[in-house]
Every structure is written in structure tokens, then in C-alpha cells.
Amino acid sequence: MCTYATVQTTLDGSAKGPDSSWFHVTDGTVYFDHPVHAMAEHTLNIDFADPSKGPSARVAVELTAASARCLITAIQTALESAPAELRS
Amino acid sequence: MSDSLSADTVMIAGYDGDEIEVYVARPSEEGPRGGVVVIHHMPGYDRGTKEIARRFAELGYDAICPNLYWREAPGAAPDDAAATARAQGGVPDERLIGDVGGAAAYLRALPSSNGKVGVIGYCSGGRQSVLAACNLDLDAAVDCYGAFVTGTPPAEFPLKITNLVDQLHNLRCPLLGLFGKEDSYPTPEQVADLDEILTANDKPHEFHSYEDAGHAFFANDRPSYRVAAANDGWERIQEFYGTHLGG
């Protein structure tokens, strides 16, 4: 489907991208739409990117809806397991 | 008819005179013949779309596919370009009209042209095909499962699109619509609304909605591919363009 559904957020971190190089991640784009590679008709897609470094400075992830929900839970569990003073 | 063809990447003038990349596929035989502007889907100016352009050349048309994301991501991989364009809000309608207009002018200037040009688009390109046909002098338009020709687009997202309901009375050429009954974007109800509006405005159109098919049933590299719908769809396109782009 062509949902056009897109949510953007700023991020601060790093990702390992093209040519196995690490780069600083500044932007996240999250959308539920066509995947490029995943064998599903629609997926939850996340682009971790640094637009200042050009279109290829991007780590793309395409997850089925169910696995995206598992990821949310895993992220929340991992964050909550850390000592409170480290979570900011 | 020979099925020999050639394909190349060239630069043309698009919206506002901007130079943009296009993929051109042409039959080897002499003309005269019609031309087809192929509008790529939201995932971009990719291998699958270029295959479609070559298929139109094999069917006897000069075909051109503009890279709608050239400005955001010149020379980038199609998936990276699509991601960049999405993050920047997508393709503005005015720019799309200018780029398709430039592509149509390129086709009409070819020595093989008979002066007739059609447009076809897939997914987001389906909506853009209708948009182009409401604003440009084209001879036939094909909408393959374009969402938000009718219906209400999401308002809260960065991709700012509107439906085309207020433009449909300006449709300048016959429209062929190919849809999947299991699609949600557009829904069968939205397709029925479009049918009703075009009928009320006395606009020639022909719609086919396929059972057991959802969105992107032409995409033969995706799980959404439906061979029966795609094969019949190609036959409908051949017949439609044969009627309106021939001669």
C-alpha cells in the first residue's frame, strides 16, 4: 500500500552504515509502507540517517508489524533495566 | 514488428527548466508511433520501473521515465533516494506536473513521434498520472492503484498531499484505472467514488478491479505480485494505448 504515513524524529547516536563505516545519526524517519527488500507487503520501516552526509548515509530497517512491536518492547525493557541515573 | 529496442539515460528539462535524469527506452524500428511517460512508484526510479519502460518499447512505444527524486538525491541508489525524498516531504504536485510535461515534450520532439503521448503511474505514481492528465495536454492516462485521487489523505504527516477531487473536472484525456479489490490505498469505495465523479463530469474512463489482488499487483519482485491481475492489466493497457496513442 502507499500509505504515505511518515513520522520523523531527531536522534543522537551512531550507526554502522555503508562500507562498514560508523556515522553520527541525527535523524530518524519511521513509516509503515512498502518495503524494498523484506518479503512482506507492508512493513514498519526505520531510516537512521545523517542527511548532511548525503542520501547514502543511512541505515534502513524493514520489520513486520509484529516484529516491530517486539522491538518496541525490547527497547523499553532494556531502557527500564538500566539504573535510573543512566537513562537521561 | 521487431522487438529490438535500445535504452539510455539522458538529461532533459523538467519543472522550471531544471535538468533531471530520465530513462528512455525506444523501439529500433522507425516511427511514427506514440509515446508513454512512466511515473515510478514511491520506492523510486528503480530496476522494476525501468523494466516497465523497456516493456513499453517492446510494445512499440517510445517510453520515458523521469527520476522524480533527482533533485533530492542525484546519482543515489534508488532506495536511498526514495528515503531522502520521503524525509523531505515527497514530490510537490507542481514539480511533478512540470517534470511530466518536460518528459512529454521530449517524446513529442522525437523524430519517431506521432504527436500522441500517454502517461502511466503506479502506486503514488497512479495519483500523479491523474494529476498530470488534469493539468497537461496528454492523450491517454493510466492509473495503477493510486491512493488519494479521492479519499482523505492523512493530515498529520510530513508528506503533504491532497486528493484530486477538485481537479477531476479538468481531466483532459481518457483514463484507464486498474485496481485491486483487496487494496486499502485506494479502497474499493474510493475507486467507486472516482468512477462516480468521472461519470458525473462526462469524462471517458474504463476501470478494472481485480479479485485476489491488493496493492502493487504489477510488481513482479514483491509478494504483492498477482500474475492473473498483472497479465490481464497489461492486456488492458495495450488495448487502451492502442486505441488512443496509435495512428
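Helices (H or I, at least four residues) and strands (E, at least two) are DSSP runs, numbered from the N terminus. The structure is a predicted model, in which local features need pLDDT of at least 70 and side-chain atom pairs count only at pLDDT 80 or more, while totals for chains, interfaces and linings use all residues. Residues are numbered from 1 along each chain as its sequence is written, and chains are lettered from A and ligands numbered from 1 in the order in which they are written.

**Confidence**

- The scores of the model are ipTM 0.81 and pTM 0.92.
- Chain B has a mean pLDDT of 95, and 98% of its residues reach 70 or more; pLDDT is the predictor's confidence in each residue, from 0 to 100.

**The sheet of chain A**

- Chain A holds an open sheet of 4 strands in the order β1-β2-β3-β4, with antiparallel pairing; two strands pair if DSSP finds at least two bridges between them.
- β1 (6-16) and β4 of chain A are at the edges and have a single partner strand each, so one side of each is left without a neighbour in the sheet.
- On average, neighbouring strands of this sheet are turned by 25 degrees against each other, direction ignored. Axes are lines fitted to C-alpha atoms, for helices over the stretch in contact, and angles run from 0 to 180 degrees between N-to-C directions.
- The antiparallel pairing of β1(A) with β2(A) extends over 9 bridges, and A:G13 stands opposite A:V25 in β2(A).
- Strand β2 (residues 22-33) of chain A is joined to β3(A) by 7 bridges, and the two run antiparallel; here A:D33 is opposite A:T43 in β3(A).
- On the other pairing of β3(A), 6 bridges link β3(A) to strand β4 (residues 58-63) of chain A, again antiparallel, with A:L44 opposite A:L63 in β4(A).
- Strand β3 (residues 43-49) of chain A has 6 of its 7 residues buried, so it is largely enclosed by the rest of the structure. A residue is buried if 20 or more other C-beta atoms lie within 10 Å of its own, exposed if 12 or fewer, and partly exposed in between, with C-beta atoms placed from the backbone.

**Contact between the chains**

- In the interface, 22 residues of chain A are in contact with 28 residues of chain B; two residues are in contact if their C-beta atoms, placed from the backbone, lie within 7 Å.
- On the side of chain A that touches chain B, the elements giving two or more residues are β1, β2 and β4 of chain A.
- That side of chain A comprises 12 nonpolar, 6 polar and 4 charged residues. Ala, Val, Leu, Ile, Met, Phe, Trp, Tyr, Cys and Pro count as nonpolar, Asp, Glu, Lys and Arg as charged, and the others, Gly among them, as polar.
- Helix α2 (residues 78-87) of chain B lies across β1, β2, β3 and β4 of chain A and runs at about 80 degrees to β2(A).

**The sheet of chain B and its helices**

- In chain B, 8 strands form an open sheet of mixed pairing, ordered β1-β2-β4-β3-β5-β6-β7-β8.
- Its edge strands are β1 (5-13) and β8 (205-210) of chain B, each of which pairs on one side only.
- Strands β6 (residues 140-144) and β7 (residues 175-180) of chain B pair in the parallel sense over 4 bridges; B:V142 has B:L176 in β7(B) as its bridge partner.
- Helix α1 (residues 47-58) of chain B packs on the sheet, where it touches β1, β2 (19-27), β3 (33-39) and β4 (62-66) of chain B, with a direction at about 40 degrees to that of β2(B).
- α4(B) also packs on the sheet, touching β3, β5 (113-122), β6 and β7 of chain B, and its direction makes about 140 degrees with that of β5(B).

**Helix packing in chain B**

- Helix α3 (residues 93-108) and helix α4 (residues 124-135) of chain B pack at about 75 degrees, their axes 10 Å apart.
- That angle makes α3(B) roughly perpendicular to α4(B), a term that covers 65 to 115 degrees, whereas angles under 35 count as roughly parallel, over 145 as roughly antiparallel and the rest as oblique.
- In this contact, B:D93, B:L96, B:I97 and B:V100 of α3(B) meet B:Q128, B:L131, B:A132 and B:N135 of α4(B).

**Backbone features in loops**

- The peptide bond joining B:G31 and B:P32 is cis, with omega about 5 degrees, and B:P32 lies in the loop between β2 and β3 of chain B.
- A cis peptide bond also runs from B:Y185 to B:P186, with omega near 10 degrees; B:P186 is in the loop between β7 and α5 (188-200) of chain B.
- A:S20, in the loop between β1 and β2 of chain A, has a positive phi near 60 degrees while being a residue other than glycine. A:S20 counts as exposed, with 6 C-beta neighbours inside 10 Å.
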